[in-house]
Amino acid sequence: MNKRWLRRMDFTLIFAAVAIILMSLVTIGSATHINAASAGGYGFVQRQGIFAVLNIALVVFLMNFDYKMLQRYGMKLYVVNIVLLLAVMLFGHSALGAQRWIQIGPITLQPSEFSKIIMIISLAALLEDKVGKLNTLRDLLPIAAFVGVPFLLVLKQPDLGTSLVFIAIFLGMIFAAGVNLKLLGAIFGAGVLASPVLWHFLKDYQKMRILVFLDPNVDPLGSGYHIIQSEIAIGSGQLFGKGLFEGTQSQLDFLPENHTDFIFAVVGEEMGFIGAAFLLLLYLILLWRGIRIAQDASDTFGMLLAVGITSMLVFHVLVNIGMTMGIMPVTGIPLPLMSYGVSSLTTNIMAIALLLNIYMKKQRLIF
Amino acid sequence: MLHEFELRLKFLSALIVLVIALLIARAGYLQVYQGDEYARRSDGNRTRLVPTVASRGTFFDCNGQSIVENRPSFVVSLLPLTAPIKPEVITRLSELLHVPREEIDAKVKAHTGYEPIRIKGDVGQDILTVIEEQSELYPGVIIEVQAVRDYLYKAQGAHILGYVSEISEAELDARREEGYRTGDIIGQFGLERIYDKELRGTNGGELVEVDVTGKPVQILGQKAPVSGHDLHLTIDWRLQAATERAVDDQLSLIGAQAAAAVVMNPQTGEVLAIVSRPAFDPNLFVHGISEANWKMINENPNDPLDNKAITGEYPPGSTFKIVTGTAALSEEVVTPNEMILDTGVYWLGEKGNAGGEVLGWLDFTSALAHSDNYYFYEMGYRLGVDRLERYARMFGLGEKTGINLPYESEGLVPSREYKEKYLDDEWYDSETLDAAIGQGFNLVTPLQAAMVMGEIAANGQRFQPYLVHKIVDADGKVLKEYKPTLLSTLDVPDDVIRLVQQGLRDVTKEGTAAGVFGAGFPVDIAGKTGTAENSQGADHGWFVAYGPFANPNIVVAVIVENGGFGSQSAVPIGKRILEAAFGLDGSIPYAEAPGNKRR
């Protein structure tokens, strides 16, 4: 039993995920100055490390379950999700200008992180019997409304980044569910036309972020500062990097949020192009496996789950890393498995766990 | 359907590869292609070159007395690093320092780079205490200790020493390749300007690694500053002081505003004192001159920043008779003993002495002693303007003496060429008569007047006037020593010079200066008074003199603007200068610097 169980594991995926987590712990350590006696010490690394181990233990335990049973809870999970997001609006406390956190004992949770994975599960459950039947706007509208409610709740927090992840998940999953491509094209076209109206609904700081993305020098000491400093950090790492703990941009605090949203810049600065490219290749393996698992999934629900998870991850990687290198606007979404943050880490490990579970169940009979 | 599904997932795979490839390409662009540029910017972020300003060289007089020093001054500055200085901090600082907000804002706006923005210098202990104890109210405000110039004797010798100030944008553009940087102190006037290179030394600095708040983390490198060199002047500070007093007392006595005086050693060219009135206090410029003070200086019609001793051009008046007389004897248009009858009004031009004085029969020496215009009209008539011009030039008139001070004027020598060139008119004989008595197209600086007198004193030798005796480095090593430079010798017979000397001695014995000097003056003095006609107002009074007559080591030139007759305005000043120079006022007489052999 044990042996068969092991043989059904996707070791390539596990290797990539564990390697990224290890790189994350080292980089967070450097970014939080664990080498300097006076500074925060091992606090951040310890927390992240403990949660990684706890999560992985939980994953091993959860491997005995079958993801397929999740399909039955699709609608219930959806309701829980909405309730959670409403709770944040009512009881959450704000930080950095956004109301995203909820305090439970010593742990600060960010429900919008978990809501992404719940969204994927409930959307997969919803789409399961609609594959190949998404040909008209009438077919699509209920699904769009289904995603639209949590999307708006997250946007309202305000958390533009996470709400955009919802759109990425939605698009990825309906694409995999065989949505009519002409219809998809029409929706894109409408989206482009509607963007000036959407612009109107953005908060000033969100507009500023987009303006600064277009030209960081609009506000070099304000919002543009982060992008400029991040680009300097990455660029100055050159081919081989400045060495761990040697990144002046990060160590001397020129780089903001260096253990959370801008952690890729620390990798770029201290490990150079070699380190940055290595990390990106690990993500490529991870994402590639995600699609492979979708292809090999034993049922449509599993396929949709895998596509949803992969869409979420690829969007995070593109927007976060793109942001640190100045090719994406500043939206506070973390780099999966790299950025410091318990909620994000847990969500992503759970997502990987789901992928593994789908992979395990790909064939009833292995021999 | 299955095929379609496979295709769509393949498309998603391709999209993922594309995304990762795009990100790797971007990383490669930033890190490999533009890596050097970003590495440079990263270093610019974390490192600051904190300059250590070299101590500026100081000034000593010919007896080793210290005249100019440096003193520490506390400067309140702003150091904006990653974030701009908050408006409320600027408001608070403006109130604390009593500096207008707009002035601070303007400085902040004009600022680039990482050097501190200096807001106010010479702040007192009370303000320092406030800023230090309430530092949390003043983020970005720092206190620097700066060495500033201290002109120990305030306005005394101001036109010699000059002043310093922070380099201006225009100067910076012009002199950047000479090593001048923003915020550098540069000599603006006088010796401070001419010898700026020697005085300024070489700034050192520390390359400091700082964190994002500008807090130094470690020192990456150090370069010690090299102090500037000291200047030992030819100026005799005691004589300078006496000259200033003599000028000031006389000006207040007669109610005149502007004057200049030069004291030199005719045997060497060493300048012992230079006075120009009105003067200014160079200390006012040390921290950037205030608007009120600048207005006071700039709007004074007599221009305190003008060194009238070398920049002012005046008609030489009767002091020019030294040149005319020398020319007449040398050219043998007159013999020393030829008697000429002053009949009052010269036939050409119908002019005579001031006040219509008629002096009767005169030989050369008595004509010079009494400064008889009729006699010198005749000399001018006999010589003609061309010969007059040649001798004037031989004395060094019409050209800069080359003294090591800025803004020296050339003066003007009467000539046909000048009149044709600038007035497009031919020369008239009556103008030769004007020129012969130092009027008309005839201008000299007080320094040139002193030089002419000095050449007679030194038996025709013309020495380059100079102010710096030696340049000494901070370790006391003499880097450069200036020796007397003989520029030229008058091409006239020795007995001509002797006759001119005799005539000039008689000026103080029986001539125009005898009334002031009296019979009892213990040192034999040769002199010449002058009254320069001034179309703008009252005449300027001149006096040039040297002594002791037998072996002169002092030559003096004094002009009092709008002072009227030289004998009444300038001679009393000259007399007091000579008294000080020879120790007749109870002081120590001027002693030539060791090594300068008396001729």
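A: Let's start with one term: two residues are in contact if their C-beta atoms, placed from the backbone, lie within 7 Å. Also keep in mind that this is a predicted model.

Q: With that in hand, what share of the contacts in chain A between residues at least 6 apart in sequence join residues at least 24 apart?

A: In chain A, that share is 70%. For chain B, residues 24 or more positions apart account for 72% of the contacts with a separation of 6 or more.

Q: How many helices and strands does chain A have, and what does the secondary structure of chain B come to?

A: Chain A has 14 helices and three strands. In chain B you'll find 21 helices and 21 strands.

Q: What percentage of the residues in chain A are buried, and what percentage in chain B?

A: The cut-off to know is that a residue is buried if 20 or more other C-beta atoms lie within 10 Å of its own. By that count, 48% of the 367 residues in chain A are buried. Chain B has 599 residues, and 45% of them count as buried.

Q: What pLDDT does chain B average, and where does pLDDT stay under 50?

A: Think of pLDDT as the predictor's confidence in each residue, from 0 to 100. Chain B averages 90, and 96% of its residues score at least 70. The stretch to treat separately is residues 593–599 of chain B, where pLDDT stays under 50 and the model has 10 contacts beyond four places in sequence. For the complex, the predictor gives an ipTM of 0.93 and a pTM of 0.66.

Q: On to strands. Which strands of chain B does strand 3 pair with?

A: The general idea is that strands of a sheet pair through backbone hydrogen bonds, either parallel or antiparallel. In chain B, strand 3 (residues 66–78) pairs with strand 2 (residues 59–60) over two antiparallel bridges. Here B:Phe59 stands opposite B:Val68. Strand 3 of chain B also pairs with strand 5 (residues 141–151), in the antiparallel sense over 11 bridges, and B:Glu69 stands opposite B:Asp150 there. With strand 4 (residues 117–120) of chain B, strand 3 has three antiparallel bridges; B:Val76 stands opposite B:Lys120 in that strand.

Q: How many residues lie between strand 2 and strand 3 of chain B in their hairpin?

A: Five residues lie between them, and B:Gly64 in the turn has a positive phi of about 85 degrees.

Q: What order do the strands have in the open sheet of five strands in chain B, and which strands stand at the edges?

A: The order is 12-11-21-20-19, with antiparallel pairing. Strand 12 (271–277) and strand 19 (526–532) of chain B stand at the edges; each has a single partner strand, so one side of each is left without a neighbour in the sheet. From one strand to the next, the twist averages 5 degrees. Inside this sheet, strand 20 (residues 540–547) and strand 21 (residues 554–560) of chain B run antiparallel and are joined by seven bridges. One pair to look for is B:Ala545 with its bridge partner B:Val556.

Q: Are the residues of strand 9 of chain B buried or hardly covered?

A: Hardly covered: the count of buried residues among the eight in strand 9 (residues 216–223) of chain B is zero. Strand 9 pairs with strand 8 (residues 204–210) of chain B through six antiparallel bridges, and B:Val210 stands opposite B:Pro216.

Q: Which residues in the largest nonpolar core touch the most other members?

A: In soluble globular proteins, nonpolar side chains tend to be buried together. In this model, the largest nonpolar core has 129 residues, and those touching the most other members are B:Ala261, B:Val263, B:Ala450, B:Met453 and B:Val556. Helix 14 (residues 373–394) of chain B gives the most to this core, with 11 residues. Domain 1 (44–70 + 144–233) and domain 3 (237–282 + 307–581) of chain B both give residues to the core, so it lies between them. A second, separate core has 108 residues, including A:Leu85 and A:Met323.

Q: Last one: how many residues does the contact take from chain A and from chain B?

A: The contact takes 38 residues from chain A and 33 residues from chain B. Among the elements of chain A that give two or more residues to the side touching chain B are helix 7 (160–176) and helix 13 (300–324). Helix 12 of chain A gives the largest share of that side, 13 residues.

Technical notes. Residues numbered from 1 in each chain as written. Chains lettered and ligands numbered in written order. Predicted model: local features only at pLDDT ≥ 70, side-chain atom pairs only at ≥ 80, totals over all residues. Buried ≥ 20, exposed ≤ 12 C-beta atoms within 10 Å, placed from the backbone. Helix = DSSP H or I, 4+ residues; strand = E, 2+ residues; numbered from the N terminus. Pairing = 2+ DSSP bridges. Axes fitted to C-alpha atoms, helices over the stretch in contact; angles between N-to-C directions. Core = buried A, V, L, I, M, F, W, Y, C linked by C-beta atoms within 7 Å. Domains from an automatic or database assignment.
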